[in-house]
Amino acid sequence: MNFRAIATIYHAEMARTGRTLMQSVLAPVISTSLYFVVFGAAIGSRIEEIDGVGYGAFIVPGLVMMMILMQSVSNAAIGIYFPKFTGTVYEILSAPVSAFEIVIGYVGAAATKSLILGVLVLATAAFFVPLEVQHPFAMLAFLVLTSVTFSLFGFIIGIWADNFEQLNIVPMLIVTPLTFLGGSFYSISVLPPFWQTVTLFNPVVYLISGFRWSFYGVSDVDVGISLVAILGFFLACLAIAWWMFRTGYRLKN
Amino acid sequence: MSSIISISGLSKTYQGGFTALKSVDLEIGKGEIFALLGPNGAGKTTMIGIICGLVTPTTGTVTVDGHDILRDFRQTRSRIGLVPQEMSIDMFGSVKAAVSFSRGLFGKAPDPAYVEQVLKDLSLWDKKDSEIRALSGGMKRRVMIAKALAHEPDILFLDEPTAGVDVELRQSMWQVIGRLRERGVTIILTTHYIEEAEQMADRVGVINKGEIVVVEETGALMHKMGQKRLTLQLAEPLTALPEALKADGLELAADGCALHFDYDTQAERTGITTLLARLNEAGLSVRDLETSQSSLEEIFVGLVGGKA
């Protein structure tokens, strides 16, 4: 293993975040916090409890998950897309670095950023709504797994994208709707039976449900199924990334 | 000279069906400067890309210092530095950070003294903390060379290193290349400036339409394939070439003051003695004479043009 190369890629990516703190850290924390202010503190007080949890507190896991999904995908996607766009990817591809090491460097940095943001958003949420964490290790496991998996997903999008429009199309047109419709703001038990069944095809439901369970012990789907779902998505992304490097898809030739 | 790069039966056909390389065989000697010449689209960059890991070969093998580029990619790539043709560099970091990044990427421990030396050699030390986007085009190109040298490679690929740089910078790059050669670094360069290859390269390879047309020591190539021209300055200008001399391959200069005669130095008889005798018979008196060697560029055009 070329650990030094992994560390070099990782630090370079983290340094890029350091150069754009306002955009990379402050903006997502503030925009997510606005949800707590509006839906938690302002409107939330007029909405009745869901599964015995106050509405303001109920939406926190969903909002944290939404922010982590969006940030993981966009950070990892731009991380590999930008070198492709500027041509500097030649240096990565001509270095004595394996595909696995490249993935660890880029995905590790993107996941780290998401985790930092997740912790910051949770800390901010605690100012506006009462929070409890019944299963802290499970919460941490969901945070890490989701950050890593969706960073890997973003990395794949970054390799696949041929232009900036394609780079944004998946986060904006797929990830955001799936997150909004995945139970960030409601429990799927409030939906009519038909739509409950349809919603179960949305993978984000399993993430939010499992993550919410780690806070309040209540979930829309079994927590075990949630874990299997995210692990399955992780393995699928890993397989696609492996195939991309093996064939040189949109990287070589 | 022992071989450091061995290329055997190397071919590359891209997905669209374009064949960039057709069963190329080539040996590059350790410590030499090898110039790869060829017109646009000849396959130079594809060949470099395959050796460096940027392009997957269709068939054939390449070994670097005895290691296969696909199976032992860590060993081969750690020996190679690449300066690509395009200006591909992260504009938002400092010069020093960019060079340190390259060194780390190749798995080398930080060595501030070495990085300092590389930057000083390339006259970049004063700009070590400057953002790359603030540098001139020539300096950016030098940063790319510094990045390629950051991991102390044994082999350096320079793909059009002096394209678009001014004369002064080109001279300084030649000096850098000369110093690298003194340190034993093998240098493979592609260039459109044929005189660059003529002055720098130990050997020249000409590639056209994916095939190696010729590989030869620069001097030997020019000696073997080049022609010499004898120019005779006449004491009295001529309005036309005398009939008696028309069969001798002579050419009258536009101003009528000189005669040109091309000859092959490798031929058994150059024809110069006979020519001088015939000029004497024709009553022409010669005031001065000089000979000139055809340039590598003329040889290159002849080789590539003949194949085109």
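1. In this predicted model, helix α6 of chain B covers residues 167-182, a run of 16 residues. Its first and last C-alpha atoms lie 23 Å apart, close to the 22 Å expected at 1.5 Å a residue.

2. Seven named positions of α6(B) are buried: Leu169(B), Arg170(B), Met173(B), Trp174(B), Val176(B), Ile177(B) and Leu180(B). Viewed down the axis of α6(B), these buried residues fall within an arc of 160°, so they line one face of the helix. An α-helix has 3.6 residues a turn, so residues three or four places apart point the same way.

3. The face of α6(B) turned away from the buried side carries Val167(B), Glu168(B) and Glu182(B), which are exposed. After α6(B) comes Gly184(B), with a positive phi near 95°.

4. The cover over the buried residues of α6(B) includes the chain B helices α4 (112-121), α5 (137-149) and α7 (194-200). It also includes the chain B strands β3 (33-37), β7 (155-159) and β8 (186-190).

5. Chain B has an open sheet of six strands with mixed pairing, ordered β6-β7-β8-β3-β9-β10. The edge strands, each pairing on one side only, are β6 (80-83) and β10 (211-217) of chain B. From one strand to the next, the twist averages 15°.

6. Within the sheet, β3(B) and β8(B) pair in the parallel sense over four bridges. Leu36(B) has Thr190(B) in β8(B) as its bridge partner.

7. Helix α6(B) packs on the sheet through contacts with β3, β7 and β8 of chain B. The direction of α6(B) makes about 150° with that of β8(B).

Note on methods:
Residues numbered from 1 in each chain as written. Chains lettered and ligands numbered in written order. Predicted model: local features only at pLDDT ≥ 70, side-chain atom pairs only at ≥ 80, totals over all residues. Heavy atoms only, no water. Helix = DSSP H or I, 4+ residues; strand = E, 2+ residues; numbered from the N terminus. Expected span 1.5 Å × (residues − 1). Buried < 20%, exposed > 50% of the residue type's maximum accessible area, 1.4 Å probe, protein only. Arc of directions from axis to C-beta. Contact = heavy atoms within 4.5 Å. Pairing = 2+ DSSP bridges. Axes fitted to C-alpha atoms, helices over the stretch in contact; angles between N-to-C directions.
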